[in-house]
Structure formats: C-alpha cells, structure tokens
Amino acid sequence: MNLIKTISDILKTESYIINSSVHKANNRLKGEFTVKLPEMEEAIKFQLIVPPNYPLDKCVFTPDGIKYYSHQYISHAICLPKIKDDNPEKKFKEELKNIIVWIRKYYLTNSKDERYEYLLFERKCSSIIYFTDIEKTFDINEHGFFRYSYFPSTINTLEGQIRHQQPLMLLQCFIDATRKNKIFPKISYSKHYQKNGIKWGIWFYLGKEPVIKRRQVITNFNQLKEMLTESNLIFLNKFFSNKLSEKKNIWVMIGYPIPTISNTTENHWELLKISRCYFQPRIKNINKKTKIENFPLQWGNSMNMSYDRFFGRGKLSSKLIDKNIIIIGIGAIGSLLAEILVRVGAKKLTLIDPDIIQHGNICRSLYNFSDVILRKVSALSAHLYKISPFVEITTELSMPKLMPQQNGFEEKRKYLLQFDWIFDCSAESELAYMFDNMQLPTKVINFSISNQAKEFVGVVGGKGCYIVDTKSKIFKKLHSEPAHFYEGTGCFSSTFEASYVDIHLLLNYAMKNINYRLENDKIFATFIISAQKTKNGETIKLNWKEY
C-alpha cells in the first residue's frame, strides 16, 4: 500500500479539510492540513507526522498557535485515544474523527472531563516526592513546614548495587507555621520508611492551580510571587535565614484543590526546588513590592501514593486487611500467605518463627539463596517492606506452647486477644492444642497441606471450635499418604512434598474463597480444597468443600 497516496486521498475527500499536503521526510511522512468546521470562525492548521511503523503507532497532530487546552502535550500536540487497527486507511480516518471531537469538545467549548486532567509541568528536576491524602482542610495561602524521608536509593544485587536514577522522597507529615501542630496523612507510611533520616521543607497552599491561563503552568518566580501573600513571602524569607535551610537548595511543596469524580475535591501537591543563589535571605520588611531577583522555577515530580490508590487495583476485603493479623510459622505456606496479605493491603502483621533459612526452604517459599542462614522473620519482613510502604510488621522468634495450668497461659491468651485473625501455618499440633484450650473469640485458622499437595485444609478454630479433633477426623478420611522426604540424615522429621506451584495455587484459591465469604457475609467454616484430575485425565481441577 502506498501510504502517502492513502493519506493524501483521505485528506482530500474530507469536506471539512480545506488544504492539505503530505510528503516523505527521512523515514517518516510529514504533512499539513487545514480544518474549517461550520461553527468555527477561523480555520485551524495542523502539522502532521506519520511514524515509520504506522499503523502500529499513532500519528502526531499539532495545531498551529493553539496551546494550553485540554488534552494537549507540552509540545502542544493533541493527545488522542489509542485506536487498535492495523489497517492504515481505517485508522487514519478514525484519528481524523477524534481530531474533530477534540476541536468541538475542548477547543470550541472548553469542556472538562469527568476525571481531572493533571497539569503538564516541564520537569527540570528529576526528584520525585510521594504524598498521601491528608484529612485537614487547608486554608487558601496557608503555609508551613513538611517533613520527608528519602526512599532507599540503592538495591543490592549479585552484580553490586543498583542506584535509582532520581531521588525518591516520601512525605511524612505537614507541620503548621508555628511548628507546634503536626498534620499526618489518613494512612501514614510505616515506621520502616522513616529510618533514613527526616528532612525539612516548606509548603504553600495556593487554593487554585498554579497557572497563568487555562493550562499554562507558571514557569518563573515572579509568576509564583503574584500568587503568594506578603505573609507567605515573609515566611519564605525567614526559612532561608534559619538553620533548617543551610543547604544549597530547599524543597517547596505547592498545594491546590482538584476535583474528583464524586463531585468533591482533594488536595494535590507539586514539588519545587529553590536554590539559595536566587534568593536574598536577609531582606527586611519584605512585601509584595519588594524586588526579588526573578529566576526560573525548577519543578520536580510528585505523585499521590495514598493507600487507596496504591491498592486500588487489587485490595481484598477490609474485614481482613484492616485487621490485626498474626501468622505463626512462615515456611512454605506461611511465607506465601504473608506476601499475599501484604500485596492485597494488610496494614498490621505479626510474624512468628524461630527458624533460620536452610537451602531446602528456597524452592517452595519466598526466600532467596542470599537469605540462607538468616532468620526467617528478618528475611521475610525485609521482603514485605519492599512490597508495601503501608504495612507495620512485628516479628517474634517463638510462640510458647502452654497448658492451662502453666504459668503464662493466661498472659499468652491476653496477648493473642489483640489479634483479629490468627493464621497457624506451623504444622505443630501442640499449638493447636493450646488454641483449643484457650477458646479464643478471635478468628483462628489452621492451614495444612497433604503430601504431594493433593489436599489443602483450612480448619477454623476459636470459641466452640476444636482444631485438633477436626483436623484429625479430616486427615483420617482423606487417607493421605504420609510424608517421606527427609532433609539430610539423623532424627529430623519428614516433610511433605509439594512444589511452589502447588502451594501457591491452593493457597491463593483458599484466600479467594475466604475473601468471597467475607465480602458476602457467608458463614465461615472449615474447608478442604482438593486437586483432582478431570474425567479424561487431561487437566486438573480444584474442588472446594466445607466440612
């Protein structure tokens, strides 16, 4: 197909296109055309670039002299929806239709979408700050301090350390101008992410977008100065004069409200770097008329990383993840369960296991070869913190197995009452005896797997339920063959055989069903998941049965 002819013919046949031309330039096509709709007072001339791999990529349409409207890039080209079509003729016609939609909806009537379109900043600074939603209602032109920490900048690998290309900052809290009142996010980052030192910056809440007109973002200090009050300028000047700003640059956060799809507003923040060399910190009686050297603004990057956005694509029931959870035994089942819970939004997790990691643990749990000889609780908590900045993890090395008449039994019972969910993945029947004796009102679930992963069993304990008796009856009926794999020699106990794939599949299926029951207020009961061959023997299916 002659692409030049195809596109030229389409441009010539459209009634709303006045003049057009297309030619080859290097390895791509370039052209221009003029659009005149009946409702338009003046025609719009567009520059056209057709990529060399068209129609796999899309054309670039840039209107002459039209800037800062919705759905325009910084280059002023039009941002068009993707069209999935490998036919050049069909795709180009659809792209032209979208150009007409853009002209009518955004250029002529300046309509707004239901979802807020974020401003496009020319980012001259590579740093990025992650912030979360704040419950406070900010006043227009309010100002104060903020505290932030740096995200670990390096990752250890076998090849050495990999460094992030840009500094990553985590906003910890805002502080008012008096430095007396701290303003924390609705859901704060975990204490783990406050270990890398706390730094200071300042913030200003503008109450409106930092733009000159439409979507034209301010680019120099004089433009920003017009949006600040004298009180803001005095505060800025004082900050440069005190010890908190002894560094060459300071970070400034600029806040303003943006609409949400629920017809409310939320606060958005942009990051700005200001250098001392541009500012005169010893000016007295500063006001709006005070001459301050103008300088270009260095906008950094910012992102709303609130809890709901972080887990919005895959959060499980709040009846599980908002609760206090403990996992006892973090081997093959427990380590995978811990990761599942953290990835679906768990906020508070306690891990208990006395063991160190052996090479035989690697093939079916979350541990790495580099973790060998580390404590399981240490290696796993480090792994989980890398997944979520919102989870608080507590670790312990043991869970004493106590009888009711022993000292410490009641104390341990009180300790366990703080948890909403107890997952026993330890395979220690002595712990199950203790839970039966305690008769906890908490949800207690004992997870176990039969040899070769033929069945996965979740026994529900707690008040009125007895794990040991129920589990014994289930495994007698299953006729599960005993485990016979021994690690090394000596008096070690045998361990069940099941691959990472087996355990991950069965555990995920179990958690999906648990979540379904929680979300739909179903009765929570002991269950058995069995992996069985289909009648023709070609595939395996999972069966869920309540006991």
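## A covered strand and its partners

Strand β13, which spans residues 265–275, is mostly covered, since 10 of its 11 residues are buried. Here buried stands for a relative accessible area under 20%, exposed for over 50%, and partly exposed for what lies in between, with a 1.4 Å probe and protein chains only. Strands are DSSP runs of E with at least two residues, helices are runs of H or I with at least four residues, and both are numbered from the N terminus. This is a predicted model, in which local features need pLDDT of at least 70 and side-chain atom pairs count only at pLDDT 80 or more, while totals for chains, interfaces and linings use all residues. Residues are numbered from 1 along each chain as its sequence is written, and side-chain values use heavy atoms, with hydrogens and water left out.

Strand β12 (residues 249–259) is joined to β13 by 11 bridges, and the two run antiparallel; two strands are said to pair if DSSP finds at least two bridges between them. Within this pairing, Y256 has H268 of β13 as its bridge partner. The two strands form a hairpin with five residues between them, and N263 in the turn has a positive phi of about 60°. β13 is also joined, by two bridges, to strand β14 (residues 298–304), which runs antiparallel to it, and here L272 stands opposite W299.

## The eight-stranded sheet

Eight strands form an open sheet of mixed pairing, in the order β17-β16-β15-β18-β19-β20-β21-β22. The edges are taken by β17 (392–396) and β22 (540–546), each of which has a single partner strand, so one side of each is left without a neighbour in the sheet. On average, neighbouring strands of this sheet are turned by 15° against each other, direction ignored; such angles run from 0 to 180 degrees between N-to-C directions, with axes fitted as lines to C-alpha atoms, for helices over the stretch in contact. Strands of a sheet pair through backbone hydrogen bonds, either parallel or antiparallel. β15 (residues 324–328) and β16 (residues 348–352) run parallel and are joined by five bridges, with I327 opposite L351 in β16.

Two helices lie across strands of this sheet. Helix α7 (residues 332–343) lies across β15, β16, β18 (421–424), β19 (443–449) and β20 (455–461), and runs at about 160° to β15. Helix α12 (residues 500–519) lies across β18, β19, β20, β21 (527–533) and β22, running at about 45° to β22.

Helix α7 has 12 residues and reaches 17 Å from its first C-alpha to its last, close to the 16 Å expected at 1.5 Å a residue, where the expected span is 1.5 Å times one less than the number of residues. Because 11 of its 12 residues are buried, α7 is largely enclosed by the rest of the structure. Just after this helix, G345 takes a positive phi of about 115°. Leaving aside residues up to four places away in sequence, E339 touches L366, H383, L384 and I387, a contact being heavy atoms within 4.5 Å.

A nonpolar core is a set of buried Ala, Val, Leu, Ile, Met, Phe, Trp, Tyr and Cys residues joined through side-chain atoms within 4.5 Å. The largest one has 57 residues, and those with the most contacts inside it are I327, L341, L349, L351, F423, F447 and F456. Its largest share, eight residues, comes from α7. Not counting residues up to four places away in sequence, I327 has contacts that include G334, L337, A338 and L341. A second, separate core has 32 residues, among them Y116, F204, L224 and L297.

## The four-stranded sheet

Four strands form an open antiparallel sheet in the order β1-β2-β3-β4. Its edge strands are β1 (17–25) and β4 (60–63), each with a single partner strand, so one side of each is left without a neighbour in the sheet. The twist averages 15° from one strand to the next. β1 pairs with β2 (residues 28–35) over seven bridges in the antiparallel sense, and K24 stands opposite L29 in β2. Helix α1 (residues 3–13) packs on this sheet, touching β1, β2 and β3 (44–50), and its direction makes about 170° with that of β1.

## Cysteines

The structure holds zero disulfides, a disulfide being a pair of cysteine sulfur atoms within 2.5 Å. The sulfur of C79 is 14 Å from the closest cysteine sulfur, in C59, which is too far for a bond. C79 counts as partly exposed at 30% relative accessibility, whereas C173 is buried, with a relative accessible area of 3%.
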